[in-house]
Amino acid sequence: EKRRRDNMNERIEELASLMPESFLYELGENGDYSDPLQHPMSQPANTSATSPTTAILIKPDFKPNKGTVLAKCVEYIQRVHSVIDEQNAQELQLRQLVNDLEERCG
């Protein structure tokens, strides 16, 4: 049982490491603190006087929970599929346009 749990935890950590951090830490639809900028454990960093904005640092012990990682991975994969579909449709349109121009120009 422990080996099974350890294996699942390792795979979830691997999934989290493959996700873009900006996507993984977006604020969830239910308003959870999956966004580090809105997490109560975040704190302002010391910035120089020339810095126009204040950076936010996350305490090292903050990480999204397993459910958030899995949900964000599914959402990310769905978005990637959507982008691929859009790009494939655009490619078909461009190929047709090239074919039409070739026919007109000889």
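Axes, as the word is used here, are lines fitted to C-alpha atoms, for helices over the stretch in contact, and the angles between N-to-C directions run from 0 to 180 degrees. In this predicted model, the axes of H1 and H3 cross at roughly 50° and come within 10 Å of each other. Because angles under 35 degrees count as roughly parallel and those from 65 to 115 as roughly perpendicular, H1 and H3 are therefore oblique to each other. The crossing of the two helices H1 and H3 is left-handed.

On the H1 side, the contact is made by Asn-9, Ile-12, Leu-15 and Ala-16, and on the H3 side by Lys-66, Val-69, Leu-70 and Cys-73. Sorted by class, the contact of H1 with H3 has six nonpolar residues, one polar residue and one charged residue.

**Chain layout**

The chain has three helices and two strands, and from the N terminus on its elements follow the order α-α-β-β-α. Of its 106 residues, 18% count as buried. Among contacts in the chain with a separation of 6 or more, residues 24 or more positions apart account for 46%.

**The nonpolar core**

The largest nonpolar core has seven residues in all, namely Ile-12, Ala-16, Met-19, Phe-23, Leu-24, Val-69 and Cys-73. At least two residues of this core are supplied by each of the helices H1, H2 and H3, whose residue ranges are set out below.

| Helix | Residue range |
|---|---|
| H1 | residues 2–18 |
| H2 | residues 21–24 |
| H3 | residues 66–105 |

**Ile-12**

Ile-12, which has its place in helix H1, belongs both to the largest nonpolar core and to the contact of H1 with H3. Since buried means under 20% relative accessible area, Ile-12, at 15% relative accessibility, counts as buried. From C-alpha to C-alpha, Ile-12 and Val-69 are 7.0 Å apart in space, while in sequence they are 57 residues apart. Val-69, like Ile-12, is a member of the largest nonpolar core.

Technical notes: Residues numbered from 1 in each chain as written. Predicted model: local features only at pLDDT ≥ 70, side-chain atom pairs only at ≥ 80, totals over all residues. Heavy atoms only, no water. Core = buried A, V, L, I, M, F, W, Y, C linked by side-chain atoms within 4.5 Å. Buried < 20%, exposed > 50% of the residue type's maximum accessible area, 1.4 Å probe, protein only. Helix = DSSP H or I, 4+ residues; strand = E, 2+ residues; numbered from the N terminus. Parallel < 35°, antiparallel > 145°, perpendicular 65-115°, else oblique. Left-handed = near helix turned anticlockwise from the far one by under 90°. Contact = heavy atoms within 4.5 Å. Nonpolar A, V, L, I, M, F, W, Y, C, P; charged D, E, K, R; others polar.
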